[in-house]
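Work through the exercises below with the sequence and the model side by side. Try each task before you read its solution.

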Amino acid sequence: MSYVSIDEATITQKIIEKTAKDWVELSETDVAVVGAGPAGLTAATYLAKAGLKTVVFERKLSFGGGIGGGGMLFHKLLVQSPADQILKEINCPLEKVEENLFVADTSAMIAKLANSAIDAGAKIILGVTVDDVIFRSGKPPKIVGVVIQWTAVIMSGIHVDPLGVKAKAIIDCTGHDAEVLSVASRKIPELNLFIQGEKSMWSSEAEKLTVEKTGEVCPGLYAAGMSVAALHNTPRMGPIFGGMLLSGRKVAQLIIEKLGKKN
Ligand code: 48F
(Lines give C-alpha, C1' and ligand atoms only; values in the text may rest on other atoms or scores of the structure.)
Protein backbone atom coordinates (compact mmCIF):
# COMPACT_ATOMS: atom_id res chain seq x y z
CA MET A 1 0.00 0.00 0.00
CA SER A 2 1.38 3.38 -0.92
CA TYR A 3 0.81 6.30 1.40
CA VAL A 4 -0.25 9.71 0.08
CA SER A 5 2.49 12.21 0.68
CA ILE A 6 1.08 15.18 2.59
CA ASP A 7 2.88 18.41 3.14
CA GLU A 8 2.60 20.00 6.59
CA ALA A 9 1.75 23.36 5.06
CA THR A 10 -1.14 21.76 3.15
CA ILE A 11 -2.57 20.38 6.40
CA THR A 12 -2.49 23.84 7.94
CA GLN A 13 -3.89 25.56 4.85
CA LYS A 14 -6.82 23.18 4.43
CA ILE A 15 -7.81 23.39 8.10
CA ILE A 16 -7.71 27.17 8.16
CA GLU A 17 -9.35 27.59 4.75
CA LYS A 18 -12.28 25.31 5.59
CA THR A 19 -12.69 26.63 9.12
CA ALA A 20 -12.77 30.21 7.85
CA LYS A 21 -15.40 29.28 5.24
CA ASP A 22 -17.59 27.68 7.92
CA TRP A 23 -17.23 30.65 10.27
CA VAL A 24 -18.15 33.16 7.57
CA GLU A 25 -21.31 31.11 6.93
CA LEU A 26 -22.06 30.75 10.63
CA SER A 27 -21.68 34.43 11.43
CA GLU A 28 -25.35 34.90 10.48
CA THR A 29 -27.53 31.92 11.11
CA ASP A 30 -31.20 31.06 11.61
CA VAL A 31 -30.79 29.43 15.00
CA ALA A 32 -27.96 29.40 17.55
CA VAL A 33 -28.34 26.60 20.08
CA VAL A 34 -26.19 27.02 23.16
CA GLY A 35 -25.21 23.68 24.70
CA ALA A 36 -24.95 20.20 23.17
CA GLY A 37 -26.77 18.32 25.92
CA PRO A 38 -29.96 16.29 25.34
CA ALA A 39 -32.21 19.35 24.91
CA GLY A 40 -29.80 21.16 22.57
CA LEU A 41 -29.05 18.15 20.37
CA THR A 42 -32.74 17.25 20.06
CA ALA A 43 -33.68 20.84 19.19
CA ALA A 44 -30.86 21.01 16.62
CA THR A 45 -32.05 17.81 14.94
CA TYR A 46 -35.61 19.04 14.37
CA LEU A 47 -34.53 22.57 13.39
CA ALA A 48 -32.01 21.34 10.84
CA LYS A 49 -34.50 18.80 9.48
CA ALA A 50 -36.86 21.72 8.80
CA GLY A 51 -34.09 23.30 6.72
CA LEU A 52 -33.17 26.02 9.20
CA LYS A 53 -29.49 26.93 9.36
CA THR A 54 -28.58 25.70 12.83
CA VAL A 55 -25.37 25.98 14.80
CA VAL A 56 -24.74 24.46 18.22
CA PHE A 57 -22.04 26.05 20.38
CA GLU A 58 -20.70 23.70 23.04
CA ARG A 59 -18.21 24.77 25.69
CA LYS A 60 -16.58 21.37 26.07
CA LEU A 61 -14.70 19.29 23.51
CA SER A 62 -17.40 16.63 23.68
CA PHE A 63 -21.17 16.45 23.41
CA GLY A 64 -23.92 15.00 25.54
CA GLY A 65 -23.91 17.39 28.53
CA GLY A 66 -25.37 15.59 31.55
CA ILE A 67 -26.10 12.36 29.67
CA GLY A 68 -22.58 10.97 30.14
CA GLY A 69 -22.78 11.06 33.93
CA GLY A 70 -25.89 8.84 33.88
CA GLY A 71 -27.33 8.48 37.36
CA MET A 72 -24.46 8.96 39.82
CA LEU A 73 -22.05 7.69 37.14
CA PHE A 74 -24.03 4.47 36.53
CA HIS A 75 -24.13 4.19 32.74
CA LYS A 76 -27.89 3.92 32.30
CA LEU A 77 -30.66 6.49 31.93
CA LEU A 78 -34.43 6.31 32.00
CA VAL A 79 -36.75 7.66 29.33
CA GLN A 80 -40.53 7.52 29.56
CA SER A 81 -43.26 7.66 26.93
CA PRO A 82 -43.89 9.55 24.74
CA ALA A 83 -40.20 10.63 24.54
CA ASP A 84 -39.15 7.06 23.67
CA GLN A 85 -40.47 7.83 20.17
CA ILE A 86 -37.76 10.47 19.68
CA LEU A 87 -35.04 7.94 20.51
CA LYS A 88 -36.68 5.23 18.41
CA GLU A 89 -36.74 7.59 15.40
CA ILE A 90 -32.94 7.88 15.64
CA ASN A 91 -32.36 4.16 16.30
CA CYS A 92 -31.13 4.54 19.87
CA PRO A 93 -31.30 1.11 21.53
CA LEU A 94 -33.89 1.08 24.34
CA GLU A 95 -34.90 -1.66 26.76
CA LYS A 96 -38.48 -1.61 28.04
CA VAL A 97 -38.41 -2.10 31.82
CA GLU A 98 -42.03 -1.27 32.66
CA GLU A 99 -45.08 -0.10 30.77
CA ASN A 100 -44.07 3.24 29.15
CA LEU A 101 -40.63 3.20 30.77
CA PHE A 102 -37.33 2.49 28.98
CA VAL A 103 -33.63 2.28 29.82
CA ALA A 104 -30.80 3.41 27.52
CA ASP A 105 -27.01 3.27 27.72
CA THR A 106 -25.56 6.75 28.19
CA SER A 107 -22.93 6.29 25.46
CA ALA A 108 -25.56 5.14 22.94
CA MET A 109 -27.79 8.09 23.69
CA ILE A 110 -24.95 10.61 23.30
CA ALA A 111 -23.80 9.08 20.01
CA LYS A 112 -27.27 8.76 18.50
CA LEU A 113 -28.42 12.27 19.47
CA ALA A 114 -25.24 13.89 18.14
CA ASN A 115 -25.34 11.79 15.00
CA SER A 116 -28.94 12.71 14.28
CA ALA A 117 -28.23 16.43 14.67
CA ILE A 118 -25.24 16.20 12.32
CA ASP A 119 -27.09 14.03 9.79
CA ALA A 120 -29.93 16.55 9.76
CA GLY A 121 -27.41 19.25 8.81
CA ALA A 122 -26.75 21.06 12.09
CA LYS A 123 -23.20 22.29 12.66
CA ILE A 124 -21.83 21.53 16.13
CA ILE A 125 -18.85 23.65 17.15
CA LEU A 126 -16.97 22.32 20.16
CA GLY A 127 -14.76 24.28 22.54
CA VAL A 128 -16.71 27.54 22.18
CA THR A 129 -18.42 29.25 25.10
CA VAL A 130 -21.28 31.71 24.73
CA ASP A 131 -20.57 34.38 27.31
CA ASP A 132 -22.95 37.18 26.32
CA VAL A 133 -25.79 38.08 23.97
CA ILE A 134 -26.20 40.74 21.25
CA PHE A 135 -29.32 42.91 21.71
CA ARG A 136 -31.27 45.73 20.12
CA SER A 137 -33.37 48.19 22.08
CA GLY A 138 -37.17 47.95 22.12
CA LYS A 139 -39.92 47.30 24.60
CA PRO A 140 -38.80 44.70 25.54
CA PRO A 141 -35.35 44.56 23.93
CA LYS A 142 -34.73 41.92 21.27
CA ILE A 143 -31.93 39.37 21.44
CA VAL A 144 -30.33 39.12 17.99
CA GLY A 145 -27.24 37.02 18.55
CA VAL A 146 -24.64 35.53 20.84
CA VAL A 147 -21.15 36.59 21.87
CA ILE A 148 -18.66 33.74 21.67
CA GLN A 149 -15.19 33.01 22.89
CA TRP A 150 -12.87 29.99 22.82
CA THR A 151 -13.33 28.12 26.09
CA ALA A 152 -9.54 27.78 26.28
CA VAL A 153 -9.16 31.57 26.21
CA ILE A 154 -11.67 31.97 29.03
CA MET A 155 -9.84 29.29 31.04
CA SER A 156 -6.51 31.02 30.49
CA GLY A 157 -7.78 34.20 32.14
CA ILE A 158 -6.23 36.51 29.53
CA HIS A 159 -8.43 39.23 28.08
CA VAL A 160 -9.24 38.64 24.41
CA ASP A 161 -12.18 40.39 22.78
CA PRO A 162 -14.82 37.92 21.62
CA LEU A 163 -16.77 37.67 18.33
CA GLY A 164 -20.50 37.97 17.71
CA VAL A 165 -22.79 35.62 15.79
CA LYS A 166 -26.18 36.95 14.63
CA ALA A 167 -29.18 34.61 14.84
CA LYS A 168 -32.94 34.93 14.33
CA ALA A 169 -33.49 32.68 17.35
CA ILE A 170 -31.21 31.73 20.22
CA ILE A 171 -31.93 28.80 22.52
CA ASP A 172 -30.47 28.52 26.01
CA CYS A 173 -29.83 24.78 26.37
CA THR A 174 -27.03 25.27 28.90
CA GLY A 175 -28.65 23.17 31.62
CA HIS A 176 -28.94 23.84 35.34
CA ASP A 177 -27.15 27.22 35.29
CA ALA A 178 -29.18 28.78 32.43
CA GLU A 179 -26.07 30.72 31.44
CA VAL A 180 -27.48 32.68 28.50
CA LEU A 181 -30.61 33.71 30.38
CA SER A 182 -28.47 34.63 33.39
CA VAL A 183 -26.15 36.92 31.46
CA ALA A 184 -29.09 38.54 29.66
CA SER A 185 -30.88 39.07 32.98
CA ARG A 186 -27.79 40.65 34.56
CA LYS A 187 -26.74 42.88 31.67
CA ILE A 188 -30.15 43.89 30.25
CA PRO A 189 -32.32 44.73 33.27
CA GLU A 190 -35.11 46.04 30.97
CA LEU A 191 -35.82 42.39 30.15
CA ASN A 192 -37.14 41.89 33.69
CA LEU A 193 -35.72 38.39 33.75
CA PHE A 194 -35.04 36.79 37.13
CA ILE A 195 -33.20 33.49 37.25
CA GLN A 196 -34.11 31.99 40.58
CA GLY A 197 -32.64 28.54 40.00
CA GLU A 198 -34.36 25.17 40.12
CA LYS A 199 -36.31 23.66 43.04
CA SER A 200 -35.41 20.41 44.82
CA MET A 201 -36.19 17.05 43.25
CA TRP A 202 -39.71 15.93 42.26
CA SER A 203 -39.23 13.89 39.12
CA SER A 204 -42.71 13.63 37.59
CA GLU A 205 -43.69 17.23 38.31
CA ALA A 206 -40.32 18.42 36.97
CA GLU A 207 -40.73 16.52 33.72
CA LYS A 208 -44.23 17.90 33.12
CA LEU A 209 -43.38 21.52 34.02
CA THR A 210 -40.14 21.62 32.02
CA VAL A 211 -41.96 20.72 28.84
CA GLU A 212 -44.97 22.94 29.57
CA LYS A 213 -42.82 26.01 30.25
CA THR A 214 -40.39 25.52 27.36
CA GLY A 215 -40.63 28.44 24.97
CA GLU A 216 -39.74 32.02 24.10
CA VAL A 217 -38.50 34.03 27.09
CA CYS A 218 -38.17 37.40 25.37
CA PRO A 219 -38.02 38.33 21.68
CA GLY A 220 -35.39 36.16 20.03
CA LEU A 221 -34.39 34.18 23.13
CA TYR A 222 -35.80 30.74 24.01
CA ALA A 223 -35.23 28.30 26.86
CA ALA A 224 -35.23 24.49 26.68
CA GLY A 225 -34.10 21.69 28.98
CA MET A 226 -32.99 22.42 32.53
CA SER A 227 -32.57 26.13 31.89
CA VAL A 228 -36.39 26.20 31.90
CA ALA A 229 -36.39 24.90 35.48
CA ALA A 230 -33.79 27.50 36.48
CA LEU A 231 -35.91 30.26 34.94
CA HIS A 232 -39.23 29.19 36.43
CA ASN A 233 -37.98 27.81 39.75
CA THR A 234 -39.53 24.41 39.02
CA PRO A 235 -38.18 21.10 40.40
CA ARG A 236 -35.26 19.03 39.11
CA MET A 237 -35.92 15.48 37.96
CA GLY A 238 -32.67 13.50 38.24
CA PRO A 239 -31.60 10.99 35.58
CA ILE A 240 -34.87 10.62 33.71
CA PHE A 241 -34.51 12.25 30.30
CA GLY A 242 -37.91 12.24 28.58
CA GLY A 243 -38.56 15.86 29.53
CA MET A 244 -35.24 17.03 28.04
CA LEU A 245 -35.99 15.39 24.69
CA LEU A 246 -39.58 16.64 24.57
CA SER A 247 -38.46 20.13 25.58
CA GLY A 248 -35.87 20.16 22.78
CA ARG A 249 -38.47 19.04 20.26
CA LYS A 250 -41.04 21.58 21.51
CA VAL A 251 -38.67 24.55 21.27
CA ALA A 252 -37.73 23.49 17.74
CA GLN A 253 -41.41 23.31 16.76
CA LEU A 254 -42.06 26.80 18.17
CA ILE A 255 -39.14 28.27 16.24
CA ILE A 256 -40.10 26.44 13.04
CA GLU A 257 -43.64 27.90 13.37
CA LYS A 258 -42.16 31.37 13.74
CA LEU A 259 -39.40 31.27 11.12
CA GLY A 260 -41.09 28.89 8.70
CA LYS A 261 -39.76 25.65 7.22
CA LYS A 262 -37.08 25.98 4.57
CA ASN A 263 -37.44 22.55 3.02
O1 48F B 1 -26.44 20.06 31.28
P2 48F B 1 -27.01 19.61 29.99
O3 48F B 1 -27.11 18.17 29.75
O4 48F B 1 -28.42 20.38 29.80
P5 48F B 1 -29.87 19.87 29.35
O6 48F B 1 -29.87 19.57 27.91
O7 48F B 1 -30.06 18.48 30.11
C8 48F B 1 -30.00 18.35 31.50
C9 48F B 1 -29.70 16.89 31.83
O10 48F B 1 -28.44 16.53 31.30
C11 48F B 1 -29.70 16.55 33.33
C12 48F B 1 -31.00 16.63 34.00
C13 48F B 1 -32.25 16.16 33.34
O14 48F B 1 -32.39 14.83 33.33
O15 48F B 1 -31.10 17.06 35.12
O16 48F B 1 -28.77 17.39 33.98
O17 48F B 1 -30.83 20.86 29.89
O18 48F B 1 -26.16 20.21 28.79
C19 48F B 1 -25.79 21.55 28.77
C20 48F B 1 -24.60 21.71 27.85
O21 48F B 1 -24.35 23.09 27.68
C22 48F B 1 -22.95 23.34 27.75
C23 48F B 1 -22.44 22.33 28.76
O24 48F B 1 -21.05 22.08 28.59
C25 48F B 1 -23.30 21.11 28.42
O26 48F B 1 -22.71 20.28 27.46
N27 48F B 1 -22.81 24.74 28.17
C28 48F B 1 -23.13 25.27 29.38
N29 48F B 1 -22.93 26.59 29.39
C30 48F B 1 -22.46 26.91 28.14
C31 48F B 1 -22.39 25.73 27.37
C32 48F B 1 -22.07 28.14 27.51
N33 48F B 1 -22.12 29.29 28.16
N34 48F B 1 -21.64 28.09 26.23
C35 48F B 1 -21.58 26.92 25.56
N36 48F B 1 -21.95 25.73 26.11
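**Exercise 1. The overall fold**

Among contacts in the protein between residues at least 6 apart in sequence, what percentage join residues at least 24 apart?

Solution. Begin with the ground rules: this is a predicted model, in which local features need pLDDT of at least 70 and side-chain atom pairs count only at pLDDT 80 or more, while totals for chains, interfaces and linings use all residues. Residues are numbered from 1 along each chain as its sequence is written, and side-chain values use heavy atoms, with hydrogens and water left out.

Next, take a contact to be heavy atoms within 4.5 Å; of the contacts between residues at least 6 apart in sequence, 68% join residues at least 24 apart.

Then turn to the elements: the protein has 9 helices and 13 strands, where helices (H or I, at least four residues) and strands (E, at least two) are DSSP runs numbered from the N terminus. The radius of gyration, taken over C-alpha atoms, is 19 Å, close to the 18 Å that the globule rule gives for 263 residues, so the protein is as compact as a globular protein of that length. That rule is 2.2 Å times the number of residues to the power 0.38.

Finally, 48% of the 263 residues count as buried, a word that means under 20% relative accessible area, with exposed over 50% and partly exposed in between (1.4 Å probe, protein chains only).

**Exercise 2. The largest cavity**

Find which helices each supply at least two residues of the lining of the largest cavity.

Solution. Grid points are joined across faces, edges and corners, and a volume is the space filled by probe spheres set on the points.

By this rule there is 1 cavity of 30 Å³ or more, and the largest cavity holds about 40 Å³ of space. Its lining consists of T42, T45, Y46, K49, I86, E89, I90, L113 and S116.

**Exercise 3. A residue of α4**

Decide whether A111 is buried, partly exposed or exposed.

Solution. Locate A111 in helix α4, and then read its relative accessibility, which at 45% makes A111 count as partly exposed. As a further step, compare its position with that of C92, which lies 19 residues apart from A111 along the chain, with 8.6 Å between their C-alpha atoms.

Key
On a 1 Å grid over the protein atoms alone, a cavity is a set of points where a 1.4 Å probe fits but cannot get out, and a pocket is an open set with protein on both sides within 12 Å along at least five of seven lines; lining residues have an atom within 4 Å of a point.
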